[in-house]
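Here's a quick tour of a chain you can follow by eye. Keep the sequence and the model side by side as you read.

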Amino acid sequence: YKVSDILANPAGTSRTYYEQGYKVVISTIVNHLNSLITDSDLDVRRSASDALAGLALQVKSDDVASIIVPIPMRMAHQSNKPSSKDTGNSFHEELRITAGNLLAELAGASE
């Protein structure tokens, strides 16, 4: 397909997935993004979140539900654990915000 054909009629083009490359993306790249999304630097978290949201538009919908959506869900649940340090609470709050924003982007990607 030509890019102009895809842009003109996105519903009319089918996606062809090359299994080996697809497996690398799903296993390796998503795992790296999963690590980066919990980084202490806000810009790194934001970039990883944007990359996951963009990736959700490109992968199979079954893989979005089983591989990408659990990442922000896990972040939100892990960050709910009480911490005895006040300094950690603000980081956990930032992780919850990142998880919430990513879930909202993923919901928009599924429309």
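## Ground rules

Helices (H or I, at least four residues) and strands (E, at least two) are taken here as DSSP runs, numbered from the N terminus. This is a predicted model, in which local features need pLDDT of at least 70 and side-chain atom pairs count only at pLDDT 80 or more, while totals for chains, interfaces and linings use all residues. Residues are numbered from 1 along each chain as its sequence is written, and side-chain values use heavy atoms, with hydrogens and water left out.

## The overall layout

The chain has six helices and zero strands, so its pattern along the sequence reads α-α-α-α-α-α. Of its 111 residues, 24% are buried (under 20% relative accessible area; exposed is over 50%, partly exposed is in between, all with a 1.4 Å probe and protein chains only).

Now for contacts, meaning heavy atoms within 4.5 Å. Among those in the chain with a separation of 6 or more, 61% come from residues 24 or more positions apart.

## D63 and its helix

D63 sits in helix α4, residues 61–68. Setting aside neighbours within four places in sequence, D63 touches Y22, I26 and I68.

Helix α4 also meets helix α5 (residues 70–78), their axes coming within 6 Å and crossing at roughly 20°. That makes α4 roughly parallel to α5. The axes are lines fitted to C-alpha atoms, for helices over the stretch in contact, with angles from 0 to 180 degrees between N-to-C directions; under 35 degrees is roughly parallel, over 145 roughly antiparallel, 65 to 115 roughly perpendicular and the rest oblique.

On the α4 side, V64, A65, S66, I67 and I68 meet P70, I71 and P72 of α5. The residues of this contact split into seven nonpolar, one polar and no charged (Ala, Val, Leu, Ile, Met, Phe, Trp, Tyr, Cys and Pro are nonpolar; Asp, Glu, Lys and Arg are charged; the others, Gly among them, are polar).

## Salt bridges

How many salt bridges does a search of the whole structure find? It turns up four. One of them joins K60 to E19, with the closest N and O atoms 3.7 Å apart. This pair links distant parts of the chain, 41 residues apart: K60 is in the loop between α3 (42–56) and α4, and E19 is in helix α2 (residues 19–36). K60 is partly exposed at 31% relative accessible area, and E19 is partly exposed at 42%.

E94 pairs with R45, the closest N and O atoms being 2.9 Å apart. Here too distant parts are linked, with E94 in helix α6 and R45 in helix α3, 49 residues apart. E94 is partly exposed at 33%, whereas R45 is buried at 0%. D43 and R46 form another bridge (3.9 Å, N to O); both lie in helix α3, three residues apart, about one turn of the helix.

## A99 in helix α6

A99 lies in helix α6, residues 86–109. Is A99 buried or exposed? A99 counts as buried because its relative accessibility is 0%. Beyond neighbours within four places in sequence, A99 contacts P72, M75 and A76. A99 and I37 are 62 residues apart in sequence, yet 8.9 Å apart in space, C-alpha to C-alpha.

Conventions: Salt bridge = Lys/Arg side-chain N within 4 Å of Asp/Glu carboxyl O.
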